[in-house]
Structures are given as structure tokens and as C-alpha cells.
Amino acid sequence: MAPDQDSRDKRQARGVLLAILVLLSLLLAAGVLLLPQLAQIAETSLEPGLGLKNAAVISFFVTVALMVVFAIAAGDGFIGEIQFMLAGFASFFVVIWLMLAWIF
């Protein structure tokens with residue numbers, strides 16, 4: 001009885017894996033097809049002000065300064081928190097970058 005249950009579980013797991021792979025490939029294909037349209041939308045709605053390139057440069061330096069403050073505040077825990085600081089750097093950079101480009 002146990003081998004029958006085991007083979008049924010394997011078959012079900014393969015079906016779930018196949019469904020997930022199909023959905024991920026469809027999502028990736030949709031993203032690739034939408035990329036030119038999203039780039040055009042971002043260019044028209046973000047470009048009239050400061051611009052994406054200049055906002056990225058400003059955002060980089062603001063984010064580095066902010067991460068230095070966070071590292072000083074972390075003290076001895078800096079080494080244990082480096083993975084969180086890297087993720088924080090990426091998220092702060094993107095948010096500050098897009099906000100600068102959008103607002104200014």
C-alpha cells in the first residue's frame with residue numbers, strides 16, 4: 001500500500017511542478033512582450049522633469065550616504081546585517097530614484 005501512495009505523490013508533485021513551470025514561463029513571456037510598452041510609458045511619464053539618468057546619479061549618492069548612517073548605527077552588528085543592508089540599498093535606491101524622476 002505504501003509504494004502505491006508514494007508513486008501517486010510523485011506523480012502529483014510532478015504535475016504541480018509542471019504547472020508552476022508553465023505559469024512561470026507564461027509570466028516571463030508576458031513580461032518580455034510588455035517590456036517595450038512599459039519602457040515607453042516610463043519614458044513619457046518620467047522624462048519631462050529631472051530625467052532618469054540624473055535622478056539615478058543623485059539617488060545613488062543619497063542612498064550611499066543613508067547606508068553609511070545605517071552602518072554606523074548598526075555598530076558591531078554590521079557584519080551580521082550586511083545582507084539586509086544590501087537589500088535595503090537596492091530598495092532605497094529604486095524608491096528614491098523613481099521618486100526623484102517623478103516629482104522633479
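Student: Is Asp6 buried, exposed or partly exposed, and how do I read that?

Tutor: The idea is relative accessible area: buried means under 20%, exposed means over 50%, and partly exposed lies in between (1.4 Å probe, protein chains only). Asp6 has 40% relative accessibility, so it counts as partly exposed. Before we go on, this is a predicted model, in which local features need pLDDT of at least 70 and side-chain atom pairs count only at pLDDT 80 or more, while totals for chains, interfaces and linings use all residues. Residues are numbered from 1 along each chain as its sequence is written, and side-chain values use heavy atoms, leaving out hydrogens and water.

Student: Which residue forms a salt bridge with Asp6?

Tutor: A salt bridge here is a side-chain nitrogen of Lys or Arg within 4 Å of a carboxyl oxygen of Asp or Glu. The partner of Asp6 is Lys10, with the closest N and O atoms 3.9 Å apart. Lys10 is partly exposed, at a relative accessible area of 45%.

Student: Where do Asp6 and Lys10 lie?

Tutor: Both are in helix H1, four residues apart, about one turn of the helix. Helices are DSSP runs (H or I, at least four residues), numbered from the N terminus. An α-helix has 3.6 residues a turn, so residues three or four places apart point the same way.

Student: How many salt bridges does a search of the whole structure find?

Tutor: It finds two. Asp4 is partly exposed at 44% relative accessibility, and Arg8 is partly exposed at 42%.

Student: Which residues of H2 are buried?

Tutor: They are Ala55, Ala56, Ser59, Thr63 and Met67, and what covers them includes H3. On H3 itself, Met85, Gly88, Phe93, Ile96, Leu100 and Ala101 are buried.

Student: What is Ser59 in contact with, leaving aside its neighbours within four places in sequence?

Tutor: Contact means heavy atoms within 4.5 Å. Ser59 touches Phe93, Ile96, Trp97 and Leu100 in this way, and its own relative accessible area is 0%. The Ser59 side chain also reaches the backbone nitrogen of Trp97 at 3.2 Å.

Student: And which residues form the nonpolar patch on the surface?

Tutor: A patch takes residues with over 30% relative accessible area and no salt bridge; like charges are joined within 9 Å, and nonpolar side chains (Val, Leu, Ile, Met, Phe, Trp, Tyr) within 5 Å. Here the members are Val57, Phe60, Phe61, Val64, Val68 and Ile72, with about 570 Å² of accessible area together, by the Shrake-Rupley method with a 1.4 Å probe, where only the protein chains shown count as cover. One of them, Phe61, lies in H2 and is exposed, with a relative accessible area of 54%.

Note on methods
Helix = DSSP H or I, 4+ residues; strand = E, 2+ residues; numbered from the N terminus. Polar contact = N/O pair within 3.5 Å; in protein donor to acceptor, adjacent residues only side chain to side chain.
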